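Trainee: I have a structure open and would like to learn how to read it. Please take me through some features one at a time.

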Amino acid sequence: MSTDKVTSPASPLDRFIAVIPAGGVGTRLWPLSRAAAPKFLHDLTGSGSTLLRATYDRLEPLAGRRVLVVTGSAHRAAVCRQLPEVQDSDLVLESEPKDSGAAIGLAAAILHERDPDTIMGSFAADQVISPDHLFHDAVREAIHTAAAGKIVTIGIKPTHPSTGFGYIRAGQELHIEGAPSAQAVVEFVEKPDEEVAQQYVDSGEYVWNAGMFVAPVALMLKHLEANQPELYTGLLEIARAWDTPERDAVTARVWPTLPKIAIDYAVAEPAAAAGDVAVVPGTFGWDDVGDFASVGRLNSAREVDDVTVIGEGARVFTENASGVVVSDTKRVIALIGIKDVVIVDTGDALLVTTKEHAQRVKGAVDALKASGDTDVL
């Protein structure tokens with residue numbers, strides 16, 4: 001991608017640049033996902049493609065090579081191996097994690113410096129989506145809606161009353177050309193309990209908040225300045241130095257001083273209150289691969305009995321068993337008469353739990369951290 005300031009073409013689709021925030025350790029997927037090798041660097045679906053590579057490939061028909069990747073500096077080598085197409089000037093490295101407000105905000109500020117008419121789309125590196133053509137349809141609608149002056153979320157039509165996702169309440173239709181299903185956003189809602197989640201699904205007014213944003217960079221920065229002036233000022237300083245020899249020095253000085261805040265709180269929620277947020281409902285399949293239960297559900301890897309087996313050369317014997325086995329060792333794993341088990345076997349750590357308790361793996365990680373056993377994290 002050229003770093004020169006350019007004159008924006010007429011079509012909103014030609015103004016689109018994709019941003020891939022690749023952060024987060026994925027603690028519920030320990031011991032497979034760790035600080036040094038987070039979940040987006042793994043093939044968790046048995047597709048032969050890592051989550052990061054699959055995200056890039058999904059966006060290429062929309063953005064071509066116009067892609068920015070935001071990730072931790074520790075992951076630079078792995079990300080460059082998986083995405084050799086990404087130029088150095090389009091790889092935004094965080095010396096320390098600062099949450100999505102800084103990550104997505106910096107991408108918006110860099111793109112604004114290059115061309116203030118850019119429409120950006122932010123899509124996390126650790127989501128599983130299918131089929132691609134329905135995703136592309138939703139993003140194109142979102143781009144047209146953004147061109148009409150909105151920050152756009154892509155909401156996922158809920159398939160069940162999940163308590164693990166935030167929700168978006170949709171309002172009136174916006175009647176935007178090229179975006180027939182775009183609606184105003186009334187409010188963002190935190191993760192509900194099961195009874196409330198069921199009410200949301202039954203009403204038909206709510207969609208899951210998948211954390212996908214498509215927006216004019218100028219509008220993103222306007223709301224960031226209004227709601228988080230300190231973060232805005234710091235990001236602008238880095239962005240102005242980005243395509244100059246001063247990039248590393250300015251980033252090293254400013255980045256550690258930035259406040260930590262999620263993009264939802266920094267921009268999306270206050271912008272929704274101001275009437276500047278729209279939602280395009282996505283009808284594609286979507287999962288954020290939050291735990292090993294979802295890994296089993298999503299996987300196209302080989303089945304042995306009713307056990308999903310992930311890992312090259314994994315040696316698994318089963319009899320009257322079901323669940324998920326992830327192995328990167330040559331150890332033989334035998335499962336006999338055990339249901340819905342989750343086993344993750346790595347060189348230095350072994351996890352044994354059940355699908356029902358898969359969400360609680362994060363607690364084990366927290367306990368190991370507290371006890372000083374950080375060598376396995």
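Trainee: Which residue caps the N-terminal end of helix α5?

Mentor: Some ground rules come before that. This is a predicted model, in which local features need pLDDT of at least 70 and side-chain atom pairs count only at pLDDT 80 or more, while totals for chains, interfaces and linings use all residues. Residues are numbered from 1 along each chain as its sequence is written, and side-chain values use heavy atoms, with hydrogens and water left out. Helices (H or I, at least four residues) and strands (E, at least two) are DSSP runs, numbered from the N terminus. A polar contact is a pair of N or O atoms within 3.5 Å; within protein, one must be able to donate a hydrogen and the other to accept it, and residues adjacent in sequence count only if both atoms are side-chain atoms. In this case D193 is the cap of α5, residues 194-203. A side-chain oxygen of D193 lies 3.2 Å from the backbone nitrogen of E195.

Trainee: How many helices and strands does the protein have?

Mentor: There are eleven helices and 18 strands. The C-alpha trace spans about 65 × 50 × 35 Å along its principal axes.

Trainee: What does the radius of gyration say here?

Mentor: The radius is taken over C-alpha atoms, and the globule rule is 2.2 Å times the number of residues to the power 0.38. For 377 residues, a compact globule would come near 21 Å, and the protein agrees, with 21 Å.

Trainee: Is G155 buried or exposed?

Mentor: Buried means under 20% relative accessible area, exposed over 50%, and partly exposed in between (1.4 Å probe, protein chains only). G155, in strand β6 (residues 151-156), is buried at a relative accessible area of 0%. Across the protein, buried residues make up 53% of the 377 residues.

Trainee: Which residues does G155 touch, beyond those up to four places away in sequence?

Mentor: Contact means heavy atoms within 4.5 Å. G155 touches V207, W208, V279, V280, P281 and G282. In the protein, among contacts between residues at least 6 apart in sequence, 67% join residues at least 24 apart.

Trainee: Where does A102 lie?

Mentor: A102 is in helix α3, residues 99-114, and is buried, with a relative accessible area of 0%. Residues up to four places away in sequence aside, A102 touches L231, L235, W255, L258 and I261. F40 is 62 residues from A102 along the chain, and their C-alpha atoms are separated by 19 Å.

Trainee: What does the side chain of Q127 reach?

Mentor: Q127 sits in the loop between β4 (119-122) and β5 (128-130), where it is buried with a relative accessible area of 7%. Its side chain reaches the backbone oxygen of A210 at 2.9 Å. Another polar contact, of 2.9 Å, joins the side chains of Q127 and W286. Leaving aside neighbours within four places in sequence, the residues in contact with Q127 include T55, R58, M212 and D287.

Trainee: With which side chain does K39 make a polar contact?

Mentor: The side chain of K39 meets that of D126 at 3.5 Å. K39 lies in the loop between β1 (16-22) and α1 (51-63), and counts as buried at 9% relative accessibility.
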